[in-house]
Amino acid sequence: MSASPHDLTGAYALDALPETERATFERHLDTCPACAGEVRGLQAAAARLGAADTAPPPAALWDRIRAEVATTPQLPAPAVRADRRRAGRSGALAGLRGRGRRFPPLLAAAAALLLAAVSVAALGLGLTGRSGRPARTTDLVAAVLAAPDARRVAARPGGSGQAAVVVSRERGRAVFVAGGLPPAPAARTYQLWVLGGSGPRPAGLVEVGPGGRVTRLLDGPVTGTERVAMTVERAGGAARPTTEPVVVVDLA
């Protein structure tokens, strides 16, 4: 890892770490409650923003952001920690800025956009779905990701993409997250399953976003003792798995 692991919370929350650094950082999360809490907050904010109404940005916005990133000095670690103590949740977002490390310009620009949007939301403007009603599924995703007992469990090696499940026993729910997931074959779809003592239970179809990114609330309750699997099924899904899993996560 080329920087202190404390510097990588924002990049991790944006799924922007290479696989080797990602694995090392996840081991760090197991021993650092501060970074784990910061990551949960950033992931929850990103999930809420993903369902917010959007509008095309002005043509010059990216140029302005790149110019700001290139000229804005990075805060030293002690100052960031002091800001985090004073500002609480807002201070946790400082991880996106990087502490002593400059991220590639596009990543830094994306982080700047996320910070700006979160700041607007924090002022009480609120986030709603495209219909204007509160995005309840997005609220549940955010609640799971930000839960104090949230636990991230990586998929077994060798599966498709970089997948994991974030589970909260307190909330009784779980969220499937992935990056680099290839699109499902034509006329097929990815389907999630919760595997417990009574056999496989359908847990929802998966839509793959840009960059193979997925954030999907599993349908139904999850206790944290099951396995979660993803298979490739016919369009519309199946009542029971008909193919071998391409992703398996052992929550227990």
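**Cysteines**

I searched the whole structure for disulfides and found zero. For the record, a disulfide here is a pair of cysteine sulfur atoms within 2.5 Å. I looked at Cys32 next: this residue is in no disulfide, and its nearest cysteine sulfur, that of Cys35, is 3.6 Å away.

Then I checked how covered they are. Cys32 has a relative accessible area of 9%, so I noted it as buried. Cys35 is buried because its relative accessibility is 4%. My scale: buried is under 20% relative accessible area, exposed is over 50%, and partly exposed is in between, using a 1.4 Å probe and protein chains only.

**What I am working from**

This is a predicted model, where local features need pLDDT of at least 70, side-chain atom pairs count only at pLDDT 80 or more, and totals for chains, interfaces and linings use all residues. Residues are numbered from 1 along each chain as its sequence is written, and side-chain values use heavy atoms, with hydrogens and water left out.

**Salt bridges**

Side chains of opposite charge can pair when their charged atoms come close. I counted a salt bridge when a side-chain nitrogen of Lys or Arg is within 4 Å of a carboxyl oxygen of Asp or Glu. How many does the whole structure hold? My search found four.

One is between Asp219 and Arg216, with 3.0 Å between the closest N and O atoms. Asp219 has a relative accessible area of 34%, so I put it down as partly exposed. Arg216, at 22%, also counts as partly exposed.

Glu26 and Arg22 form a salt bridge, their closest N and O atoms lying 3.4 Å apart. Both sit in helix H2 (residues 19–29), and because they are four residues apart, about one helical turn separates them. Helices (H or I, at least four residues) and strands (E, at least two) are DSSP runs, numbered from the N terminus. Glu26 and Arg22 are buried.

Last, the Arg152 side. Glu26 forms a salt bridge with Arg152, the closest N and O atoms being 2.4 Å apart. This pair links distant parts of the chain, 126 residues apart: Glu26 is in helix H2 and Arg152 in strand E1 (residues 151–154). Glu26 counts as buried because its relative accessibility is 19%, while Arg152, at 23%, counts as partly exposed.
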